[in-house]
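The tour below goes through charged pairs, one selection at a time.

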Amino acid sequence: MELFRSELYYIFVRKESSLWWNRVTGAFSVRSAWDLSDIEDIECLGITEAVKNVSNTIKSTTQQAATQVKQTVKKQRDPKLAERFEKRLTDELHKIFDDSDSFYYSRTLDITNSLQRQYEIEKILETEDAGGKTITDITRWWKHVDDRFFWNKHMLKDIIALDSPNCDQWILPVIQGYVHLSQIAVDPADSNPLNVESLSTSNSCDETFTLGLISRRSRYQAGTRYNRRGIEPGGKVANYVETEQIVSIICSDSIHRASFVQVRGSVPIFWSQPEYKFRPPPRLDRGEEETHAAFKKHFEEELKIYKHVCIVNLVEQQGRERVIWEAYGNHVLKYNSPDVIYATFDFHEYCRGMHYENVSILINAIADIIAETRFTWRDDRGLICGQGGVFRVNCIDCLDRTNVVQTAIAKYVLELQLCRLGLGTPGCGLPPSLRNAFLTMWADNGDVVSRQYAGTKALKGDYTRTGERKFTGMMKDGVASANRYYLSTFKDALRQVAIDVMTGESRTIPEQLIVPECSRCTSVKERTEPDTAAMAQHVKSLIDDCKKLLVDSEPVLGSWGLIDADPQTGNPHETETGSVMGLSICSERCLSPVSLKHSTGNPHETDTGGVMGLSICSERCLSLVSLKHSTGNPHETETGGVMGLSICSERCLSPVSLKHSTGNPHETETGGVMGLSICSERCLSPVSLKHSTGNPHETETGGVMGLSICSERCLSPVSLKHSTGNPHETETGGVMGLSIWNVA
């Protein structure tokens with residue numbers, strides 16, 4: 001469109017219509033393009049793609065915010081304070097639009113609606129008086145867009161209020177989310193007589209097909225991570241995102257499109273995490289009746305849109321998240337709808353130790369539900385089949401765990417879609433090129449959705465992107481977690497106000513954003529003073545979680561806890577400037593880093609080029625040595641020997657292959673597990689333990705993972721008394737340790 005400027009107006013011209021914006025009053029009007037001839041001294045500024053930052057709505061809203069600032073800081077006697085805040089707010093709005101790359105619009109397609117809803121809208125438009133416009137004319141669609149995802153509706157309200165057909169082409173809905181399309185080459189399909197429902201595999205199909213992903217973020221309860229949690233009284237939830245996966249191919253002169261929709265959203269109860277901590281414990285904010293009223297509104301809307309809902313709750317069932325898990329389950333049972341399926345999967349419990357492949361347990365469990373839900377498939381002649389429900393996936397933040405599970409569900413459905421479209425063979429998985437494009441697309445989607453809500457890339461993204469979880473990915477997640485903590489503490493408050501301005505929410509501006517610098521620092525300091533009662537409750541919840549893994553009737557052989565130890569003797573009861581942190585064995589024998597003589601491993605002898613090890617009371621030392629592969633003896637040499645950890649260079653820890661049933665490294669077995677050998681006789685290997693007893697010889701659904709020494713003595717986390725390291729004694733502020741106890 002062309003942009004003109006006169007003394008009184010900015011004028012946007014597209015074809016035969018023009019949009020006039022009064023530079024004084026901020027009012028809009030729509031006129032004929034020929035009306036420009038009535039304006040004198042008009043100047044053409046150039047060509048622009050969209051109207052941005054000229055709406056009186058934004059101007060008035062930021063001025064209203066500035067007025068609130070003036071009322072808040074009268075005692076500060078700083079007349080320029082409101083002006084500075086208005087500038088900061090305007091700059092933040094620019095950053096949201098210009099720096100995030102997360103806003104999308106289309107002049108040819110309604111991207112607020114899924115493929116299935118578009119088909120339903122087409123049927124409505126066919127019955128309306130079009131005034132000569134075709135169904136494909138996008139100016140007819142804006143009145144039927146999904147209001148949840150119409151992000152600029154508040155900013156366009158002055159134009160919408162004109163209520164004129166001439167305004168239709170000036171109302172262009174914008175979504176916040178993620179859009180990506182990839183062209184994938186079609187692999188030659190094998191003849192598959194079982195795939196009778198697929199398209200013809202003749203040469204009439206294109207050589208490539210399109211794989212697309214569209215995520216749409218709701219404008220309701222929108223905002224940043226710790227500022228928007230849970231539900232609001234109207235039934236809208238925080239971080240609500242609809243994600244649609246689309247496959248499109250042209251066959252026999254007809255476009256075939258298949259789509260599958262999933263949603264994510266915060267747990268629909270009133271809850272928050274209000275404290276300035278790295279991981280503040282969640283808390284319930286309102287009573288059961290008030291919560292259930294909002295809960296009911298939320299699922300009534302979900303069922304109205306999607307017909308059936310399968311909830312996949314990934315929240316931890318123990319520890320700090322348990323209160324949310326219990327409340328969610330109780331409200332689902334109270335709602336008691338036949339159209340709602342509730343599935344729980346403690347992601348952190350099942351995938352402990354980076355075993356994210358265990359998500360397949362969940363997918364196998366809900367495979368029948370996925371098949372019953374189906375997906376949308378249509379061609380140029382109409383709808384072939386429709387999606388009969390939706391998966392609503394959530395964790396606490398609806399980011400990292402949710403990304404992994406939604407990707408797994410989408411992969412399962414994609415294989416079904418490709419088989420029905422004649423682009424794949426059942427049971428053969430995805431071709432490498434398609435698999436890489438698919439994983440990259442979903443990983444990028446997770447990163448963008450995470451940036452919009454938490455300010456950083458998604459955690460666990462290396463698994464979503466490559467299908468493998470690695471140590472480097474864990475390190476990057478640690479950095480991202482620290483960045484999230486920084487953003488939530490220092491940056492998110494201003495961004496939240498900017499989002500509220502954009503969406504038209506009327507919220508109170510946090511005082512720390514508008515008071516002078518020194519007062520703000522004092523205010524934050526006052527708010528971050530420790531709450532002794534809350535801290536004690538926080539510690540108690542950690543201790544309770546650990547006690548569930550320890551049975552008091554079992555004998556405890558020894559425990560390790562973090563202590564402050566003397567660097568020379570390793571004695572935790574002696575203090576010295578420059579003392580080192582070590583691991584305590586019953587608080588008497590300590591593991592601390594020392595420099596060892598290379599040949600003997602003795603920390604009391606010096607040696608140029610000595611190695612670093614871990615000392616037990618500075619007498620028996622763990623150090624890196626080269627071990628003979630067959631015996632694990634560091635004093636024997638062998639080509640191709642393995643690296644291990646030596647205790648005084650006599651007893652060695654080295655990786656070995658263990659028989660799965662006994663843990664014996666001298667026995668061989670197909671599918672044996674990897675462990676750590678002590679002189680190749682007593683072995684540490686991962687086992688599945690009974691939750692109540694820790695016995696690896698007993699089986700139990702939902703058992704915990706542990707480390708077995710010859711499958712008889714097991715390491716598990718316990719809570720230790722700080723002064724003695726005794727796990728049988730309790731103490732507020734006790735430390736975490738690892739217990740070795742006998743299960744024979």
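Start by selecting R381: this residue is exposed, with a relative accessible area of 76%. Here exposed means over 50% relative accessible area, buried under 20%, and partly exposed in between (1.4 Å probe, protein chains only). This is a predicted model, in which local features need pLDDT of at least 70 and side-chain atom pairs count only at pLDDT 80 or more, while totals for chains, interfaces and linings use all residues. Residues are numbered from 1 along each chain as its sequence is written, and side-chain values use heavy atoms, with hydrogens and water left out.

The side chains of R381 and D379 form a salt bridge, 3.3 Å from N to O; the term requires a side-chain nitrogen of Lys or Arg within 4 Å of a carboxyl oxygen of Asp or Glu. D379 is buried, at 3% relative accessible area.

Next, select R148 and D146. Their closest N and O atoms are 2.7 Å apart, in a salt bridge, and both residues are buried.

Now go to E301 and K236. This salt bridge has its closest N and O atoms 2.9 Å apart. It links distant parts of the chain, 65 residues apart: E301 lies in helix α5 (residues 288–306), K236 in the loop between β8 (208–217) and β9 (241–251). Helices (H or I, at least four residues) and strands (E, at least two) are DSSP runs, numbered from the N terminus. E301 is partly exposed, with a relative accessible area of 23%.
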